[in-house]
Amino acid sequence: MKKKVIAFSVLAVIVAFVVTFLLCKPKYNYMVDFEENFVVENGVAPEEMEYVIVLSEYGEYVMDAEWKIEPAGMLMALSIVDETGKDVNTFSAHWIDMNSGVMELPAGKYTMTLTPITSAEQWKAYFAKFDTSEWDEPVEEGEEPEMEFADGEYRFDFSFKLEERGYLNIQAIACVLGAVIGIAFFVILLAIAQKDNSLKQNYDERQELLRGRGAKYGLYTMMFLNLALFLLETAGVCLPVSTGLALFFSVLIGGSVWAVYCIWKDAYFALNQKANVFIGVFLVMGVINLIIGIDAFLEGVAFQNNQFTLRSLNLFCAIMVLVICGALILKKVCKDREEE
């Protein structure tokens, strides 16, 4: 029975990975990615850089542009025009990470130009060439970039992608398949941790009572956190997390309360389960999620606009798993000392 369950779960994980890859693999029509050093002397920067983008058919596209100039002291302007010279998108920044939203673009040739901006006068002259009447936030007359320009050497990290819009909700599909993979791994863990050939967990009456009490404490914790969230939002307090993420965090905290209580009362593992297997797997899962979460924070994608994003989930999941793993290890150490 255990072998069949493990084999089926492994097959489910493989299928989920393959489906996720096929559905979520980005189909970029165009991509540019480079790093380059610029030297500005007497307010003069290197020449413009031009790239030609060819779209074979009409469609809906999404543009992602990201760049950073270090140190501050110059801007980079990006413009995309079609074959007739009509402006498609134009903007400038010292540092930017933007998504254009969906753009309907006919088939044809488009020219993308990167122009170093080294003075406020050059910035004004640059945008004077474009018709900004249809922009959501037009450049007002007399407006100037809020930065000081200076001569020197600059490092320019640039990444640009033009992606054909997908008609499937890839994020939702990835979440569902991720849940399938997680459930499959959990089933595999249960099967490996069983001492017998059955997948049924055998708890005695004392353990069942304590597990129910732990579930009650976990539920009370979630209720308190959700009530606090409701009161804060009603009072108009700006939280560093969306409502959806806050609810998910309350589940993590409530689950941690239940797990730690059951572990400390010797009610977490069934009588026919091997505790060391759980400790090892939890430790590995915690470290992996911790590495992914820290990397997301270092990239600056886990906390944006003064709020935690979905990319922060790995770090908080890692904290939960490592707290549970720490409770398991601490309980095991205390139990071994008592037996001595």
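This is a predicted model: local features need pLDDT of at least 70, side-chain atom pairs count only at pLDDT 80 or more; totals for chains, interfaces and linings use all residues.

Reader: Which residue does glutamate 35 meet in a salt bridge?

Author: Its partner is arginine 155, at 2.3 Å from N to O. Glutamate 35 sits in strand S1 and arginine 155 in strand S8, so the pair links distant parts of the chain, 120 residues apart.

Reader: Is glutamate 35 buried or exposed?

Author: Glutamate 35 is exposed, with a relative accessible area of 54%. Arginine 155 is partly exposed, at 35%.

Reader: And what forms a salt bridge with arginine 155 besides that?

Author: Aspartate 157 does, with the closest N and O atoms 3.6 Å apart. Aspartate 157 is partly exposed too, having a relative accessible area of 25%.

Reader: Where does lysine 331 come in?

Author: Lysine 331 pairs with aspartate 266, at 3.8 Å from N to O.

Reader: Is lysine 331 buried or exposed?

Author: Lysine 331 counts as buried, because its relative accessibility is 15% and the cut-off for buried is under 20%. Aspartate 266 is partly exposed, at 33%.

Reader: Which residues do shared partners join into one network?

Author: Glu35, Arg155 and Asp157 are joined that way.

Reader: What does phenylalanine 160 touch, leaving out residues up to four places away in sequence?

Author: Phenylalanine 160 touches Tyr30, Met31, Val32, Ile53, Met63, Asp64, Ala65, Leu78, Ile80 and Met112.

Reader: Let's look at S4. How many of its residues are buried?

Author: Seven of the seven, so S4 is largely enclosed by the rest of the structure. Both faces are covered: Leu75, Ala77, Ser79 and Val81 are buried on one side, and Met76, Leu78 and Ile80 on the other.

Reader: Which strands does S4 pair with?

Author: S4 pairs with S7 in the antiparallel sense over seven bridges, and isoleucine 80 stands opposite methionine 112 there. Six bridges join S4 to S5, also running antiparallel, with alanine 77 opposite serine 92.

Reader: What's in the turn between S4 and S5?

Author: The two strands form a hairpin with five residues between them, and glycine 85 in the turn has a positive phi of about 90°.

Reader: Now H6. How far apart are its end C-alpha atoms?

Author: They are 36 Å apart, which agrees with the 36 Å that the 25 residues of H6 (residues 275-299) should span at 1.5 Å a residue.

Reader: Which residues in H6 are buried?

Author: Phe278, Ile279, Phe282, Gly286, Asn289, Gly293 and Ala296 are.

Reader: What comes just after H6?

Author: Glycine 300, which takes a positive phi of about 80°.

Reader: And where is serine 312?

Author: Serine 312 is in the loop between strand S10 (307-308) and H7. It is buried, with a relative accessible area of 0%. Leaving aside neighbours within four places in sequence, serine 312 is in contact with Phe249, Phe297 and Ala302.

Reader: Last bit, the big picture. How many helices and strands?

Author: The protein chain has seven helices and ten strands. Buried residues make up 34% of its 340 residues.

Reader: What about contacts and surface?

Author: Among contacts between residues at least 6 apart in sequence, 80% join residues at least 24 apart. The chain exposes about 20,600 Å², and carbon and sulfur atoms supply 60% of that.

Conventions
Residues are numbered from 1 along each chain as its sequence is written. Side-chain values use heavy atoms; hydrogens and water are left out. Contact means heavy atoms within 4.5 Å. Helices (H or I, at least four residues) and strands (E, at least two) are DSSP runs, numbered from the N terminus. The expected span of a helix is 1.5 Å times one less than its number of residues. Buried means under 20% relative accessible area, exposed over 50%, partly exposed in between (1.4 Å probe, protein chains only). A salt bridge is a side-chain nitrogen of Lys or Arg within 4 Å of a carboxyl oxygen of Asp or Glu. Two strands pair if DSSP finds at least two bridges between them. Accessible areas come from the Shrake-Rupley method with a 1.4 Å probe; for residues, only the protein chains shown count as cover.
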